[in-house]
Amino acid sequence: MVPLGWVGGVVGLILATILSMYANALVAKLHEFGGRRHIRYRDLAGFIYGRQAYTLTWTLQYVNLIMINVGFVILAGNSLKAMYVLFQDDHAMKLPHFIGIAGLVCSLFAILIPNLSALRVWLAVSTFFSLVYFVIVFALALKDGLEAPPRNYSIPGTITSRIFTAVGALSNLFFAFNTGMLPEIQATVRPPVIGNMMKALYFQFTVGVLPLYAVTIVGYWAYGFKASAYLLNNVNGPVWLKAVANLSAFLQTIVALHIFASPMYEYLDTRCDIKGSALAIRNLWFRVAMRGGYLGITTFVSALLPFLGDFMSLTGAVSTIPLTFVLANHMYLVAKDYKLESFQKSWHWLNIWFFGCMAVAASGAALRLIAVDSSFYHFFADL
């Protein structure tokens, strides 16, 4: 909202929601293409195009997941730091320290939870903490907005910087609504598969987006162009309530990161032929070494470049937009070629070219933002 303003921000939110729903629906409708279920996005791409497309999709997916994991570690570190500052604002501990602590907790959780099936109750816990965060932040921001003097909603920066940040913000919007792994998430859905996938998508992109809309719009209304990427840095209210919100954000992030890191864990387990009981000594040490090492590298990158908004922009540009919009439209075009009218084909080609150009532009904008922030702050910055 800050780089786009009221009109651009609200219109962008709505368009990103509609276009994301549409692109994911295309993938859902191809879930049983060719008379078989495709429970991995790369399997679907490989079935339609061949082996090279399988490899390319696999690469994009894992780039997407790794960068999402970096973003989650940065977010967890920010929530820990915000909670620390509530009680001890002595600047003795910096953001990189909290990112390191967050990475350690994520590693312990990854070692103790061997696979997605073992999450179960943790998914409910994650949902609960998400709701706690949304309710507290919404209530405190609404209170601040009602009590604050008139805010400044102008878009900050020079004309050049506004263009780059606006492009980055658009990339953020598409990143916020998409994962690039819809078939994997819906792999165990009950028949009728496509019908139930569509129901889930309709729910997610109507009811599911309401908390996101509420916090985003109220936060920008309450603080204007001073709104922080981590909104709890702006809100005023009882210390204990803000601490609960920060703790909820931290705990929810731990579970969310594990979900998005699970494909990497699965790949490592399969590659190294890990079988049998999760409590077997060999398997336990494998998780300590491989998952701990992976999250150690992720944590180092997070602390080195702790620019949450910039990484969201880069993730959206490099992987989310190509996976969710360019590839989805082209796969549908190839798979349904003989059943589509000329207008429908033109529509899909328009989407392919538009989002392809957006991915290139957003990549340049995101890299520029990271370079500018890196030169303005420094590596391992305390933001």
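Reader: How many salt bridges does a search of the whole structure find?

Author: The search finds six salt bridges. The model is a predicted one.

Reader: What makes the contact of D43 and R40 a salt bridge?

Author: The criterion is a side-chain nitrogen of Lys or Arg within 4 Å of a carboxyl oxygen of Asp or Glu. Between the side chains of D43 and R40 the N to O distance is 3.7 Å, so the pair meets the 4 Å cut-off.

Reader: With which other residue does R40 form a salt bridge?

Author: R40 also pairs with E266, and their closest N and O atoms are 2.9 Å apart. R40 lies in the loop between α1 and α2 (41-49), while E266 belongs to helix α10, so this pair ties together parts that are 226 residues apart in sequence.

Reader: Which residues are linked in a network of salt bridges?

Author: R40, D43 and E266 are linked in such a network. R40 takes part in the bridge to D43 and in the bridge to E266.

Reader: Why are D43, R40 and E266 called partly exposed?

Author: Buried means under 20% relative accessible area and exposed means over 50%, with partly exposed in between. D43 has 23%, so it is partly exposed. R40 has 25%, so it is partly exposed. E266 has 37% and therefore is partly exposed too.

Reader: What do the side chains of D269 and R291 form, and how far apart are N and O?

Author: They meet in a salt bridge, at 3.4 Å from N to O. D269 lies in helix α10 and R291 in helix α11, so the pair ties together parts that are 22 residues apart in sequence.

Reader: Are D269 and R291 buried or exposed?

Author: Both D269 and R291 are buried. The term stands for a relative accessible area under 20%.

Reader: Why is L13 called buried?

Author: The relative accessible area of L13 is 4%, so L13 falls under the 20% limit and counts as buried. L13 is placed in helix α1. Between L13 and L383 there are 370 residues in sequence and 27 Å in space, taken from C-alpha to C-alpha.

Reader: What makes I281, L284, W285 and V288 a nonpolar patch?

Author: A patch takes residues with over 30% relative accessible area and no salt bridge, and nonpolar side chains are joined within 5 Å. L284 has 31% relative accessibility, so L284 passes the 30% limit and counts as partly exposed. Together the four residues I281, L284, W285 and V288 have about 400 Å² of accessible area. L284 sits in helix α11 (residues 281-304).

Reader: How do you know that there is a cavity, and how many of 30 Å³ or more are counted?

Author: Rolling a probe the size of a water molecule over the atoms shows where empty space is left. A cavity is a set of points where the probe fits but cannot get out. The count comes to one cavity of 30 Å³ or more. The largest cavity has a volume of about 50 Å³, so it is over that size limit.

Reader: Which residues line the largest cavity, and how do they divide by class?

Author: The lining is made of A23, N24, V27, Y41, G180, M181, L182, L323 and T324. The elements that give two or more residues to it are α1 (5-29) and α12 (308-335). α1 gives the most, with three residues. By class the lining has six nonpolar, three polar and no charged residues. G180 is part of this lining, and Gly counts as polar.

Reader: What is the volume of the second largest pocket, and which residues line it?

Author: The volume is about 160 Å³. The lining consists of D144, E147, A148, R151, N152, A222, Y223, F225, K226, N234 and N236. Two or more residues come from each of the elements α5 (121-147) and α9 (210-223).

Reader: Why does this lining have four charged residues?

Author: Asp, Glu, Lys and Arg count as charged, so D144, E147, R151 and K226 belong to that class. The remainder of the lining divides into four nonpolar and three polar residues.

Reader: What is the backbone like at P191 and P192, and at D273?

Author: A cis peptide bond joins P191 and P192, with omega at about -5 degrees. P192 is in the loop between α7 (182-185) and α8 (193-204). D273 has a positive phi of about 55 degrees although it is not a glycine. D273 is in the loop between α10 (239-271) and α11.

Note on methods. Residues numbered from 1 in each chain as written. Predicted model: local features only at pLDDT ≥ 70, side-chain atom pairs only at ≥ 80, totals over all residues. Heavy atoms only, no water. 1 Å grid on protein atoms, 1.4 Å probe; cavity = no way out; pocket = protein on both sides within 12 Å on 5 of 7 lines; lining within 4 Å. Points joined across faces, edges and corners; volume = space filled by probe spheres on them. Helix = DSSP H or I, 4+ residues; strand = E, 2+ residues; numbered from the N terminus. Patch = residues over 30% accessible without salt bridge, like charges linked within 9 Å, V, L, I, M, F, W, Y side chains within 5 Å. Areas by Shrake-Rupley, 256 points an atom, 1.4 Å probe, with all protein chains shown as cover. Buried < 20%, exposed > 50% of the residue type's maximum accessible area, 1.4 Å probe, protein only.
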